[in-house]
Amino acid sequence: MSFLQYFGALAALALPLLSSAQGLEKKEVNIAVGGKTSLYYLPLTIAEQLGYFKDEGLTVNIADFAGGSQALRAVVGGSADVVSGAYEHTLNMQPKGQYLQCFVQQGRAPQIAIGISKARAATYKSPKDLKGLKVGVSAPGSSTHMIVNYFISRDGLKPSDISVVGVGLSAAAISAIKSGQIDAVSNTDPVMTKLEQDGDVKIIADTRTLKGTEQVLGGPMPAGCLYAPVDFIKKNPNTVQALTNAIVRADKWIHTASPQDVVRTVPQDYLLGDPALYLHSFSKVKEAISTDGTISDAGAKTALRVIPSFNPEVKASEIKLDLTYTNEFVKKANAKYK
């Protein structure tokens with residue numbers, strides 16, 4: 001093969017990527033996430049680490065916050081284009097006049113567990129026993145807070161019946177329970193598995209599996225997703241499609257890769273100094289990670305039933321559910337990455 005033929009072949013291979021990049025309304029996208037090191041957002045990390053965003057012609061800047069509610073404020077305030085966060089925020093914001101839409105799913109179960117400290121475990125019998133206690137969540141208003149609110153509402157308690165403390169989604173959360181700063185904790189993995197293994201908590205509610213989610217919430221529940229203002233999605237469909245393609249590829253990679261591949265791919269500081277712990281945590285939540293990015297209608301309906309039970313601002317009859325999620329981009333992504 002001559003030099004010219006070789007150069008021509010390379011140009012032909014690069015053409016689809018260049019054409020895709022040239023069709024993007026925004027080539028640089030700012031994503032806000034609350035607790036990026038959590039397994040809850042593993043597909044986002046995989047898409048970043050394996051270069052899937054770059055393959056779609058995107059430059060993605062990821063800003064990490066202590067919790068999902070803070071990431072939400074970033075997109076509402078205009079400092080971020082997209083949030084990697086919990087689906088339920090799309091419901092919570094509608095009564096405030098903010099229309100946000102989930103366009104690709106990372107988790108098909110919340111992957112959140114609630115644990116009570118070993119000092120309180122002996123006297124705990126039901127959710128009403130959390131009354132008056134200090135409960136750690138990633139950040140007030142985040143999905144970890146939502147799960148606690150729903151859990152205690154089943155026993156007739158109100159959100160004001162507990163004291164909520166923001167502890168993040170990593171080492172600070174572990175320290176808070178070990179030092180006695182909080183009496184219970186609602187968090188994701190690997191934090192909750194670490195606390196379990198060390199004997200620091202007794203798990204009293206668990207949505208890290210599909211079965212556990214059914215038991216706690218009474219149905220399937222969308223979890224981590226990429227969501228953005230509806231106007232942003234309408235104005236930037238090619239950019240949104242590119243983001244969706246990358247996350248769908250990551251979802252699929254996670255379900256075909258070995259656990260060891262996952263550990264080798266994520267940044268070392270995600271492992272909390274214990275690769276074996278991360279492997280064990282991953283094995284617990286793997287089935288809760290989406291296989292193809294699709295948001296289920298049943299899951300959206302579960303959220304619409306659950307959230308009004310503790311958030312009086314969200315009235316199911318007034319929520320435009322069809323504006324909270326779309327599978328339009330996911331269908332195209334799955335056709336591309338079979």
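Two strands count as paired here if DSSP finds at least two bridges between them. With that settled, I will start with the sheet. One caution before I do: this is a predicted model.

The sheet is open and has 5 strands, in the order β2-β1-β3-β10-β4, with mixed pairing. Its edge strands are β2 and β4, residues 100-105, and each of them pairs on one side only. Averaged over the sheet and with direction ignored, neighbouring strands are turned by 30° against each other.

Is Val 29 buried or exposed? Val 29 has a relative accessible area of 0%, so it is buried. What is Val 29 in contact with, leaving aside neighbours within four places in sequence? The list is Leu 58, Thr 59, Val 60, Asn 61, Asp 81, Val 82, Thr 239 and Leu 243. Val 29 and Ile 62 lie 33 residues apart in sequence, and their C-alpha atoms are 8.5 Å apart in space.

On to the nonpolar cores. The largest has 48 residues, and Tyr 87, Leu 91, Ile 116 and Leu 130 are the ones with the most contacts inside it. Which helix gives the most to this core? That is α7, residues 143-153, with 6 residues. Of the 11 residues of α7, 10 are buried, so the helix is largely enclosed by the rest of the structure. The buried ones are Ser 143, Thr 144, His 145, Met 146, Ile 147, Val 148, Asn 149, Tyr 150, Phe 151 and Ile 152.

Back to Tyr 87. Not counting residues up to four places away in sequence, Tyr 87 touches Cys 102, Pro 222, Ala 223, Cys 225, Ala 300, Ala 303, Leu 321, Thr 324 and Tyr 325. There is also a second, separate core of 46 residues, which includes Ile 31, Leu 226, Val 240 and Leu 271.

Thr 302 has a relative accessible area of 5%, and because the cut-off for buried is under 20%, it counts as buried. Where does the side chain of Thr 302 reach? It comes to 2.8 Å from the backbone oxygen of Pro 220. With residues up to four places away left out, Thr 302 touches Leu 217, Gly 219, Pro 220 and Met 221.

Last topic, charged pairs. Side chains of opposite charge can pair when their charged atoms come close. How many salt bridges does the structure hold? There are 14. I will go through three of them.

One joins the side chains of Arg 249 and Asp 55, at 2.9 Å from N to O. Arg 249 is in helix α12, residues 237-256, and Asp 55 is in helix α3, residues 52-55, so this pair links distant parts of the chain, 194 residues apart. Asp 55 is partly exposed, at 36% relative accessibility.

Another is formed by the side chains of Lys 336 and Glu 56, with 3.5 Å from N to O. Lys 336 lies in helix α16, residues 328-336, while Glu 56 lies in the loop between α3 and β2, 280 residues apart. Lys 336 is partly exposed at 48% relative accessibility, whereas Glu 56 is buried, with a relative accessible area of 1%.

Then Lys 178 and Asp 200, whose side chains meet at 2.5 Å, N to O. Here Lys 178 is in helix α8, residues 171-178, and Asp 200 is in the loop between α9 and β9, 22 residues apart. Lys 178 has a relative accessible area of 41% and is partly exposed; Asp 200, at 9% relative accessibility, counts as buried.

Finally, a network of salt bridges links Asp 189, Glu 196, Asp 206, Arg 208 and Lys 284.

How values were computed. Residues numbered from 1 in each chain as written. Predicted model: local features only at pLDDT ≥ 70, side-chain atom pairs only at ≥ 80, totals over all residues. Heavy atoms only, no water. Core = buried A, V, L, I, M, F, W, Y, C linked by side-chain atoms within 4.5 Å. Buried < 20%, exposed > 50% of the residue type's maximum accessible area, 1.4 Å probe, protein only. Helix = DSSP H or I, 4+ residues; strand = E, 2+ residues; numbered from the N terminus. Contact = heavy atoms within 4.5 Å. Polar contact = N/O pair within 3.5 Å; in protein donor to acceptor, adjacent residues only side chain to side chain. Salt bridge = Lys/Arg side-chain N within 4 Å of Asp/Glu carboxyl O. Axes fitted to C-alpha atoms, helices over the stretch in contact; angles between N-to-C directions.
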